[in-house]
Amino acid sequence: MWRIVWRYLAVAVLARLADEGARVALLLLALAVTGSTVFGGLLVAAFMVPHVLAAPVVGALADRVRRRTPTYAAFLTAYGTAIAACAVSAGRLPAPAVLAVAVAGGCFAPLATGGLSSLLRDLVPADDRDRAYALDVMTYNTAGVCGPAVAALLSAALGPRPATVVIAACALVAGLCMASLSLPDRPPATGALNIRAIGGDALATIWRTRSLRAVTVATSLAAVSAGATPMVAALLAARYHASYATGALLSAMAVGGLLGSLAYARRPVQWLGPERVVMTCIAASAAPLAVLPLVPGVGAGLLVFAVSGFFLGPQAAALFASRDRHTPAVVHTQVFTLGAGLKITAAAAGAALAGAGAAFGADRLSVAVAGFAAAAAGIGMAFLPARHTAGAPDDI
């Protein structure tokens with residue numbers, strides 16, 4: 001069983017490296033070949049926006065196909081092909097054509113994130129799934145640390161166009177490796193693929209099931225704080241008079257998340273229940289950020305961000321476990337992709353709000369970010385049902 005898990009993790013790391021790295025590689029490519037920051041921003045936006053808009057559609061398709069192994073392999077290959085096409089066409093074709101390619105590629109991105117995570121239900125026995133989800137979260141953290149760094153280093157060493165091609169190759173290889181995963185065939189889908197089937201059933205499932213509703217609301221609200229955190233890091237870097245500190249602080253948080261995922265993989269907190277682990281970890285990750293006004297320099301700031309990030313790994317692993325326990329098979333992938341899309345949307349909103357609130361300074365913004373995350377945990381706890389035994393109904 002664990003041999004299959006390691007093969008899955010290889011696919012996940014490669015696909016998510018491509019997802020994280022492409023955002024930086026495409027921006028550097030656009031700046032190099034056109035010199036336009038506007039086109040650079042548009043290209044990254046064209047690649048990112050479909051993560052949200054396409055999530056219900058690709059999730060619904062993935063839930064309905066009988067043979068998921070070749071489907072996922074084809075989608076990941078198409079994802080890598082689109083990134084490579086952007087690398088080749090940027091600066092050579094009209095901007096609208098390049099942007100259209102980026103939009104098309106971004107439509108496949110939800111299967112590289114939540115879509116892949118949803119496959120663990122069919123690859124891992126129930127008793128080992130908490131540990132498997134923690135390992136899966138490690139792939140997100142690894143990609144978050146390494147993807148942008150690899151894209152930047154390759155761009156400096158080889159140039160932005162070859163660097164983007166290398167990033168695309170990660171997704172292409174992920175598609176090839178996907179063929180080694182044996183997923184059971186599903187029975188033929190019934191009913192038409194209508195608006196209700198595309199996202200509607202998944203949303204209804206999330207809203208009807210109190211545990212799913214609780215973790216979805218809490219993590220989406222917490223994602224607003226996560227989206228604002230880079231602005232906090234940038235303001236702290238200015239206060240510390242250290243230009244490198246923005247990236248260093250965010251990297252420390254990602255490394256903390258990686259360590260937290262590893263610790264949770266070794267010893268999952270099963271007695272508390274995944275939903276309460278989610279809420280506890282959201283609150284625990286917020287607490288260190290609240291003390292940032294008292295932190296004197298970069299070194300202490302790195303420690304604070306690492307401690308905050310440590311709780312993000314278990315939080316994500318427990319979130320996946322909760323979705324796994326409470327989601328019926330017919331909308332399983334949709335719930336994962338839709339949940340990821342909601343978090344990305346919320347993080348984008350958080351980034352916009354942080355930009356508007358940057359004038360308040362690092363101290364006030366960091367306290368606001370921590371307070372909002374703590375409130376998200378409290379709201380999630382209020383949504384949770386009372387403690388009940390396994391197998392008890394969880395609907396309203």
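This is a predicted model: local features need pLDDT of at least 70, side-chain atom pairs count only at pLDDT 80 or more; totals for chains, interfaces and linings use all residues.
Glycine 159 follows α8, and its phi is positive, near 105°.

Helix α9 (residues 160-178) packs with helix α4 (residues 68-89). Two packed helices are described by the angle between their axes and the distance between the axes. For α4 and α9, the angle is about 170° and the axes are 7 Å apart. Angles over 145 degrees count as roughly antiparallel, and α4 and α9 are therefore roughly antiparallel to each other. The residues of their contact comprise 14 nonpolar, seven polar and one charged.

Rolling a probe the size of a water molecule over the atoms shows where empty space is left. The structure holds one cavity of 30 Å³ or more, and the largest cavity contains about 30 Å³ of space. Its lining is formed by His51, Ala109, Pro110, Thr113, Thr337, Ala340, Gly341 and Ile344. Helix α16 (residues 332-357) supplies the largest share of this lining, with four residues. Classified by type, the lining consists of four nonpolar and four polar residues, with no charged residues.

How values were computed:
Residues are numbered from 1 along each chain as its sequence is written. Side-chain values use heavy atoms; hydrogens and water are left out. On a 1 Å grid over the protein atoms alone, a cavity is a set of points where a 1.4 Å probe fits but cannot get out, and a pocket is an open set with protein on both sides within 12 Å along at least five of seven lines; lining residues have an atom within 4 Å of a point. Grid points are joined across faces, edges and corners, and a volume is the space filled by probe spheres set on the points. Helices (H or I, at least four residues) and strands (E, at least two) are DSSP runs, numbered from the N terminus. Ala, Val, Leu, Ile, Met, Phe, Trp, Tyr, Cys and Pro count as nonpolar, Asp, Glu, Lys and Arg as charged, and the others, Gly among them, as polar. Axes are lines fitted to C-alpha atoms, for helices over the stretch in contact, and angles run from 0 to 180 degrees between N-to-C directions. Angles under 35 degrees count as roughly parallel, over 145 as roughly antiparallel, 65 to 115 as roughly perpendicular and the rest as oblique.
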